[in-house]
Amino acid sequence: MRAVTDAGRAVAQLGDPAFRSVLLRGIGLTLVLLAGFIAATVWALGWLIPDRFALPWIGEISWLDDAVSWSSVPLLLFLSTFLMIPVASAFTSLFLDDVTDAVEARHYPHLSPAPRLSVLQGLRDGATFLGVLALANVAAFAAYLALPPAAPFIFFALNGYLLGREYFQLIAARRLGPSGARRLRRRHALGIWATGCLMAVPLVVPVMGLVVPVLGAATFTHLFHRLPDADPAGRTSRYREH
C-alpha cells in the first residue's frame, strides 16, 4: 500500500534536526500556554471569591478563596493532559513548512524552494483545523454512543478524512495555490483519505498523538510528489493557479 510506504519514509526521517525542532517548539509553546492558563485560572478564582465573609452559626471564613484556588490545580492539570495534543498540533502547524522543506531537500533536491506560509496564515489555518477537528469529534461522540461496535470505524473514518484534507491541502497549496490544491485533492480523495486514516492511528496512543502533525506533513509531502498530475518537477500543471 503506497500510504504505508509514504509513512515509512516519513518515520525514517523523524531523527532529522528539522523534525525535532518543530516538535520541540510545538510542545514548548503548548506547555507555556497551558501553564499560563492554569496560573490565570487560579488567579481569577482567587479574585472572584471574597477574601473574607461570614456564615450564620459558623462565623467569619477567610480561607475559602485559597482553598478553591489551589484545589483547582489538580483538576486543571488533568484537563491539560487532554488539551495538550490538540493545542500542540495547532502550534506545530505553524512550523510545518520546515518539515516539508526538510523532506524535499532530502528526497526531492531537484525542486525549487516553495513559497512559505505567513505566520498569520499559519495561525489562522491551525486554529481553524483545531476547531473543526474538535467540533467534528464532539459531534461524533453521539454516534459512538448510539453504535458502540462501529465507534472505531467512525473514529478512523472521520479523523482520516479531516487529517487527510488538512495536511494534503497545506502541502499541495504551497506549489499549486489553494484552488489548485482543492482540485487535486478531489481527484485523489480516496488515496488521501486512506493516508489520513493511517495518520489517525497514533491518536489512540497516549503522547504519540504529538508526532501526528510532523508525521502527517512529511507523509503527505511524499504523497503529493508521487502524484503524476501534481507536477513534482515544479514546471507546469493543469491544477496550478495562474
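Trainee: What pattern does the protein chain follow, read along the sequence?
Mentor: The model is predicted, with residues numbered from 1 along each chain as its sequence is written; local features need pLDDT of at least 70, side-chain atom pairs count only at pLDDT 80 or more, and totals for chains, interfaces and linings use all residues. Side-chain values use heavy atoms, without hydrogens and water. Eight helices and two strands make up the secondary structure (DSSP runs, H or I of at least four residues for helices, E of at least two for strands, numbered from the N terminus). In sequence order, the pattern reads α-α-β-β-α-α-α-α-α-α.

Trainee: What percentage of the residues of the protein chain count as buried?
Mentor: Buried means under 20% relative accessible area, exposed means over 50%, and partly exposed lies in between, with a 1.4 Å probe and protein chains only. The protein chain has 242 residues. The buried share is 41%.

Trainee: What share of the contacts with a separation of 6 or more comes from residues 24 or more positions apart?
Mentor: A contact here means heavy atoms within 4.5 Å. In the protein chain, the share from residues 24 or more positions apart is 76%.

Trainee: How are α4 and α8 oriented to each other?
Mentor: Helix α4 covers residues 96–107 and helix α8 covers residues 212–226. Their axes come within 9 Å and cross at roughly 45° (lines fitted to C-alpha atoms, for helices over the stretch in contact, with angles from 0 to 180 degrees between N-to-C directions). Under 35 degrees counts as roughly parallel, over 145 as roughly antiparallel, 65 to 115 as roughly perpendicular, and the rest as oblique. The two helices are therefore oblique.

Trainee: Which residues of α8 does α4 meet?
Mentor: The α4 side consists of L96, V99, T100, V103, E104 and H107. Across from them in α8 are P213, V214, A217, A218, T221, H222 and H225.

Trainee: How do the residues of that contact of α4 with α8 divide by class?
Mentor: Ala, Val, Leu, Ile, Met, Phe, Trp, Tyr, Cys and Pro count as nonpolar; Asp, Glu, Lys and Arg count as charged; the others, Gly among them, are polar. The division is seven nonpolar, five polar and one charged.

Trainee: How is α4 oriented to α6?
Mentor: The axes of α4 and α6 come within 11 Å and cross at roughly 65°. That makes the pair roughly perpendicular.

Trainee: Which residues of α6 make the contact with α4?
Mentor: From α4 come L96, D97, T100, D101 and E104. The α6 partners are Y167, L170, I171, R174 and R175.

Trainee: How many residues of the contact of α4 with α6 are charged?
Mentor: Four are nonpolar and one is polar. The charged count is five.

Trainee: Which helices do the buried residues of α7 pack against?
Mentor: Helix α7 spans residues 189–200. Its buried residues are I192, A194, T195, G196, C197, M199 and A200. They pack against α1 (2–12), α6 and α8.

Trainee: Is T195 buried or exposed, and what is its relative accessible area?
Mentor: T195 sits in helix α7. Leaving out residues up to four places away in sequence, T195 touches A3, T219, F220 and L223. T195 is buried, at a relative accessible area of 0%.

Trainee: Which residues does N159 touch, not counting those up to four places away in sequence?
Mentor: N159 belongs to helix α6, residues 151–187. N159 is buried, with a relative accessible area of 2%. Its contacts are L133, N137, G196, A200 and L203.

Conventions: Expected span 1.5 Å × (residues − 1).
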